[in-house]
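Please open the model in a viewer and keep a selection panel at hand.

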Amino acid sequence: MKRTEPSAEEQIAAIVASAAKQPLLDAAFEIWCRRYRLDSIEGRPTDEEVRIYRTLTPQQMDEKYRYGRDHAHEGPMFGYLKRAHPRADDDAIRQAIITAVKFEDATFTHFNWNGDFWDCVVRAVAQAAAQYPDFLETTYRDARNNLAYYMK
């Protein structure tokens with residue numbers, strides 16, 4: 001029996017359905033952490049965008065990266081989160097995305113490689129959690145795993 005990969009729409013629907021089971025803020029963090037997978041499924045970046053990215057200086061790349069984070073609530077994230085929480089107010093969705101991005105940024109900001117790796121991860125997320133206390137414990141767990149993945 002031949003197994004076929006789910007279609008792009010089915011993969012996106014599965015991610016959105018997973019996020020829909022959580023409160024809005026936690027759903028925003030889950031979708032934000034899966035943004036690269038969602039971009040890949042949706043065909044982003046395009047070949048043309050890749051060609052343009054390759055011509056950017058490191059400073060330009062940094063600015064583009066920062067702009068993407070600062071305006072995440074204006075891009076595809078909004079649509080995904082609106083699908084997950086269709087009854088949520090648009091302003092609440094935007095604020096949830098902004099908070100999720102800032103929370104992730106805080107985990108990276110607080111990471112200090114000083115001692116056992118996992119202890120450093122746990123400490124960084126705990127410090128970020130003190131700044132952003134409104135997430136579920138499962139989201140803090142996911143944040144620890146996300147931070148560990150990127151800092152490895």
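Does cysteine 120 count as buried or exposed? Cysteine 120 counts as buried, because its relative accessibility is 1%; buried means under 20% relative accessible area, exposed over 50%, and partly exposed in between, with a 1.4 Å probe and protein chains only.

This is a predicted model, in which local features need pLDDT of at least 70 and side-chain atom pairs count only at pLDDT 80 or more, while totals for chains, interfaces and linings use all residues. Residues are numbered from 1 along each chain as its sequence is written, and side-chain values use heavy atoms, with hydrogens and water left out.

**Stop 1: cysteine 120**

Select helix 8 (residues 117-131), where cysteine 120 is found. Helices are DSSP runs of H or I with at least four residues, strands are runs of E with at least two, and both are numbered from the N terminus. Next, display the neighbours of cysteine 120: Phe111, Asn112, Trp113, Asn114 and Gly115 touch this residue, not counting residues up to four places away in sequence. Contact here means heavy atoms within 4.5 Å. For a distance label, pick aspartate 26, which is 94 residues from cysteine 120 in sequence and 23 Å from it in space, C-alpha to C-alpha.

**Stop 2: the whole chain**

Of the 152 residues, 35% count as buried. Among contacts between residues at least 6 apart in sequence, 63% join residues at least 24 apart.

**Stop 3: helix 2**

Select residues 24-33, which form helix 2; nine of its ten residues are buried. The buried set consists of Leu24, Leu25, Asp26, Ala27, Ala28, Phe29, Glu30, Ile31 and Trp32. To see what covers them, display helix 1, helix 3, helix 5, helix 6, helix 7 and helix 9 (137-151), against which the buried residues of helix 2 pack.

Within helix 2, centre the view on phenylalanine 29. This residue is buried, because its relative accessible area is 2%. Its contacts, not counting residues up to four places away in sequence, are Ala100, Phe103, Glu104, Phe135, Thr139, Asp142 and Ala143. The C-alpha atom of leucine 81 lies 9.8 Å from that of phenylalanine 29, although the two residues are 52 apart along the chain.

Threonine 99, in helix 7 (residues 90-110), counts as buried at 17% relative accessibility. Leu25, Tyr132 and Phe135 touch threonine 99, not counting residues up to four places away in sequence. Alanine 88 is in the loop between helix 6 and helix 7 and is buried, with a relative accessible area of 18%. Leu24, Lys82 and Ile93 touch alanine 88, again not counting residues up to four places away in sequence. Between the C-alpha atoms of alanine 88 and leucine 24 the distance is 8.0 Å, with 64 residues separating the pair in sequence.

**Stop 4: helix 1 against helix 6**

Select helix 1 (residues 8-20) together with helix 6; their axes come within 8 Å and cross at roughly 65°. Axes are lines fitted to C-alpha atoms, for helices over the stretch in contact, and angles run from 0 to 180 degrees between N-to-C directions. Show side chains for Glu9, Ile12, Ala13, Val16, Ala19 and Ala20 in helix 1, which meet Tyr80, Arg83 and Ala84 in helix 6. The residues of this contact divide into seven nonpolar, no polar and two charged. Ala, Val, Leu, Ile, Met, Phe, Trp, Tyr, Cys and Pro count as nonpolar, Asp, Glu, Lys and Arg as charged, and the others, Gly among them, as polar.

**Stop 5: the cis peptide bond**

Move to the loop between helix 3 and helix 4, where proline 45 lies. A cis peptide bond joins arginine 44 to proline 45, with omega about -5°.
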